[in-house]
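Reader: I have a structure open and would like to know what stands behind the terms used for it. Please take them one at a time.

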Amino acid sequence: MFVIPIKTFQKKEKNTSKKMSERIWNILIEGFGKIMLASIQVTIPLTILGFGFAMIIAMFMALVQYAGVPVLRQFSRIYIWIFRGTPLLVQLFLAYYGFPRIGIVLNSFVCAVIVFSLNEGAYCAEIMRSALEAVPEGQMEAGYCVGMNYLQIMWHVVIPQALRTAFPPLSNSVIAMLKDTSLVAEITVADMFMAAQKIVGRTYEPLWLYCEVALIYLVFSTVLTFVQRYCEKKLSAYNSRETEAASVK
Amino acid sequence: MEIRKLVKSFGTNTVLHGIDLTVNKGDVVAVLGPSGSGKTTLLRCINFLEKADSGTMIFDGQSYDLGQMRRNQIAEIRQKTAFVFQNYNLFANKTAIDNVTLGLTSARGMEKSKARDIGMEMLEKVGMADRAGYYPIQLSGGQQQRVAIARALAVNPEIIYFDEPTSALDPELIGEVLQVMRQLAREGMTMLVVTHEMNFAQHVSNRVIFMEKGEIVEEGEAGAFFEDPREERTRAFLRSIQER
Ligand SMILES: Nc1ncnc2c1ncn2[C@@H]1O[C@H](COP(=O)(O)OP(=O)(O)OP(=O)(O)O)[C@@H](O)[C@H]1O
Ligand SMILES: [Mg+2]
């Protein structure tokens, strides 16, 4: 008795679901275009700029600590303490919504770049510092003994070795940062996530669109992982016995 | 090179109690002594890897106060010396040839091609020319130490300090390094060598110094030192070595 109405219902459902899937498909295609556009306009530049500045900051902060430069060393510790100890989202809000109260008004993208550089710089500074400290003391001493000065040894011997050590954790940081850029939607920056959110607002399809944007993030981080592996192999020359020694010409 | 009254302490622990030492041009001086007697510390103070408390150094006729060396004085002396470490300390990110030439190109501003010629010549000398493009990790301990010696030679030093250059090596690799050092001695290189190799001390060096507890106990011509040591402590040490 109950079977028939259900059957007819299913039939109806099938009909509408065909229409539905077509609609979703169209939404996803539109979403893909907008999300990719946002990635080119915002997410990728933000990641590159933010991480680029972060590396410069990190290098500076790690070196002043390693070299024990007075004042700057303490300054660096305090900087790292603050930026690692507070949430990224709070830092973004403070800079974008808070600072105008003291007369600092920033374009939202610029604000995002600054906050990401400083936040990421603090983490990378710690990575670089421990990588520098992991270079054996004997390397420095050997440098002195062939007549090199501190800066020459740092430049030719210690920093290259530290960068090699720091490379895997730094790569992880880039990947983490790429994903964290989705937070900038909160301060009105039109990134990939914001692009998805806008379409969701119009179409009420959060499931599919958020899946789509997640997938695109996944593709990006997978690409970065491959790049990381490739570079690590290239860099491993002096870390592995397997590498064919370069022949001398 | 001459050292007068070198004193060094770590905190309250005085490790060197006024060492006097003279190394003339062409000398090969072997420093012997039990573990912990301060041999490494002595070499490190002489090359300013450790700061001595007090003492005087006369290098090339110039007198220096070891207690308060200025940076440019240290640099000046280091340009004329070289150091070979117990654990080699080759630059891990540089190939053998780059290890040898880095002191020339970066510290002395020498042209790359000229440095390379010198570097290859030095590698040739220690029998490592065929491994010029290898990274330290791809070399055996004995090979690494020979590259380290080539690196020391490349800067054309007036004296080379060796701190137990063969102690970290497997027995079968010691020979190749000693061979190189013997060759250097024959060519008249001035060397100050901390070593446990009695054979080297006896047959290659021309003077031997015996240290114990931060003091020089005995010093003498290599032959006399081994045949007829004056001090009882030296005899005891030599006996203990022979028993091993
Ligand atoms: N950085 C340091 N800090 C404190 N004490 C030290 C330090 N380096 C060496 N010492 C002490 O100085 C003394 C001499 O050490 P040194 O390494 O010079 O001996 P050594 O003669 O080279 O011994 P070995 O034959 O084992 O190499 C030892 O008692 C050691 O504990
Ligand atoms: Mg020692």
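Reader: How many salt bridges does a search of the whole structure find, and what makes a pair a salt bridge?
Author: The search finds 20 salt bridges over all chains. The term requires a side-chain nitrogen of Lys or Arg within 4 Å of a carboxyl oxygen of Asp or Glu. This is a predicted model, in which local features need pLDDT of at least 70 and side-chain atom pairs count only at pLDDT 80 or more, while totals for chains, interfaces and linings use all residues; side-chain values use heavy atoms, with hydrogens and water left out. Residues are numbered from 1 along each chain as its sequence is written, chains are lettered from A and ligands numbered from 1 in the order in which they are written.

Reader: Why is the pair A:Glu30 and A:Lys34 called a salt bridge?
Author: The closest N and O atoms of A:Glu30 and A:Lys34 are 2.9 Å apart. That is within the cut-off, so the name applies. The two are four residues apart in helix α1 (residues 3-66) of chain A, which means about one helical turn separates them. A helix here is a DSSP run of H or I with at least four residues, numbered from the N terminus.

Reader: How many salt bridges are there between chain B and chain A?
Author: The count is one. It joins the side chains of A:Glu141 and B:Arg44, with N to O at 2.7 Å.

Reader: What makes residues of chain B and chain A count as in contact?
Author: They need heavy atoms within 4.5 Å. By that rule, 30 residues of chain B are in contact with 25 residues of chain A.

Reader: How much area do chain B and chain A bury between them?
Author: About 2300 Å², with 58% of it on carbon and sulfur atoms. Buried area is the accessible area (1.4 Å probe) that two parts lose on being put together, summed over both.

Reader: Which residues are around ligand 1, and what makes a residue near?
Author: A residue is near if one of its heavy atoms lies within 4 Å of the molecule. Among those around ligand 1 are B:Phe10, B:Lys39, B:Thr40, B:Glu164 and B:His196. Helix α1 (residues 39-46) of chain B gives the most to this shell, with three residues.
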